[in-house]
Amino acid sequence: MKDYQWYSDQWGKPTKDDDMLFLLLTIGVFQAGLSWKVAAGKKESFMRNFCEMDFRKVAALFPDDAERIAKDPEMIRNPRKIKAVIQNARAIVRLLDDYDSFADYLWDFVGGVPVVKQYETQDQVTNTLPEATTIAKDMKKRGFTFVGPVVTCMFLKAAGVIQDQVLDR
């Protein structure tokens, strides 16, 4: 298992770095159906195969690039997820017609301030929230894929846009 500690360290820290946001979204895409440890442990593979997470470069990839990525033995070789990352990169590029950055787009939904959800106990924490569902629907309209309410909620929590506070810790 590759190192996934970086993901635990990043989790919940507000970021407005587009490359980090793209990486966290990519992990969310690949996490679907897998554990977060498996997906987060593939950071090096994602960085290598997805142009160091430069979404502009990823947006320019061709179908043969997706096939090459799928042949990397260190990758999660799901062709639908690989194509989703490329499609999401293209959606981010299109966002730049309306926003200065991917971060501006996401943070605009919450007025630039993290949404803090308080829970009495850890088992009350949910993996979907109305805010995430709203953002997921908008992302889908803008051409993103693999961004259902759960993936989007976990992505937003990882990026610190939504933060969980458990009072009984």
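A crossing of two helices is right-handed if the near helix is turned clockwise from the far one by less than a right angle. In this predicted model, the crossing of helix 9 and helix 10 is right-handed. Helix 9 spans residues 130-141 and helix 10 spans residues 149-158. Their axes come within 8 Å and cross at roughly 110°. Helix 9 is therefore roughly perpendicular to helix 10. Helix 9 contributes Ala132, Thr133, Ile135, Ala136 and Met139 to the contact. Helix 10 contributes Pro149, Thr152, Cys153 and Leu156. By class, seven of these residues are nonpolar, two are polar and none is charged. The spacing of such contacts can be read against helix geometry. An α-helix has 3.6 residues a turn, so residues three or four places apart point the same way.

Helix 10 is mostly covered, with eight of its 10 residues buried. The buried residues are Val151, Thr152, Cys153, Met154, Phe155, Leu156, Lys157 and Ala158. Among them, Thr152, Cys153 and Leu156 also belong to the contact with helix 9. Packing extends beyond that one partner. The buried residues of helix 10 also pack against helix 1 (5-10), helix 2 (18-31), helix 8 (102-108) and strand 2 (162-166). Gly160 follows helix 10. Its phi is positive, near 80°.

Lys141 also lies in helix 9. Lys141 counts as exposed because its relative accessibility is 71%, and the cut-off for that class is over 50%. Lys141 and Arg77 are 64 residues apart along the chain. Their C-alpha atoms are separated by 26 Å.

Helix 6 (residues 63-70) and helix 7 (residues 79-95) have axes that come within 9 Å. The two axes cross at roughly 135°. Helix 6 and helix 7 are therefore oblique to each other. Helix 6 passes helix 7 in a right-handed crossing. On the helix 6 side, the contact is made by Ala66, Ile69 and Ala70. On the helix 7 side, Ile82, Lys83 and Ile86 take part. This contact has five nonpolar residues, no polar residue and one charged residue.

Two residues of this contact also touch Phe50. Ile69 and Ile82 are both in contact with Phe50. Phe50 is found in the loop between helix 4 and helix 5 (55-59). Phe50 counts as buried because its relative accessibility is 0%. Beyond its neighbours within four places in sequence, Phe50 is also in contact with Thr26, Phe30, Val58, Met75 and Val85. Phe50 and Val147 are 97 residues apart in sequence. In space, their C-alpha atoms are 18 Å apart.

Ser45 is placed in helix 4 (residues 43-49). Ser45 counts as buried because its relative accessibility is 1%. With neighbours within four places in sequence left aside, Ser45 is in contact with Glu74 and Met75. Met75 is therefore a contact of both Ser45 and Phe50, under the criterion of heavy atoms within 4.5 Å.

One annotation from a record was compared with the model. An unreviewed UniProt entry places the feature "transmembrane region" at residues 20-39. Over residues 20-39 the chain is 80% helix and 0% strand. The end C-alpha atoms of this stretch are 15 Å apart. Thr26 and Phe30, both contacts of Phe50, fall within the annotated residues 20-39.

Technical notes
Residues are numbered from 1 along each chain as its sequence is written. This is a predicted model: local features need pLDDT of at least 70, side-chain atom pairs count only at pLDDT 80 or more; totals for chains, interfaces and linings use all residues. Side-chain values use heavy atoms; hydrogens and water are left out. Axes are lines fitted to C-alpha atoms, for helices over the stretch in contact, and angles run from 0 to 180 degrees between N-to-C directions. Helices (H or I, at least four residues) and strands (E, at least two) are DSSP runs, numbered from the N terminus. Angles under 35 degrees count as roughly parallel, over 145 as roughly antiparallel, 65 to 115 as roughly perpendicular and the rest as oblique. Ala, Val, Leu, Ile, Met, Phe, Trp, Tyr, Cys and Pro count as nonpolar, Asp, Glu, Lys and Arg as charged, and the others, Gly among them, as polar. UniProt positions are given in the numbering used here, feature names are shortened, and annotations may be inferred rather than shown by experiment. Buried means under 20% relative accessible area, exposed over 50%, partly exposed in between (1.4 Å probe, protein chains only).
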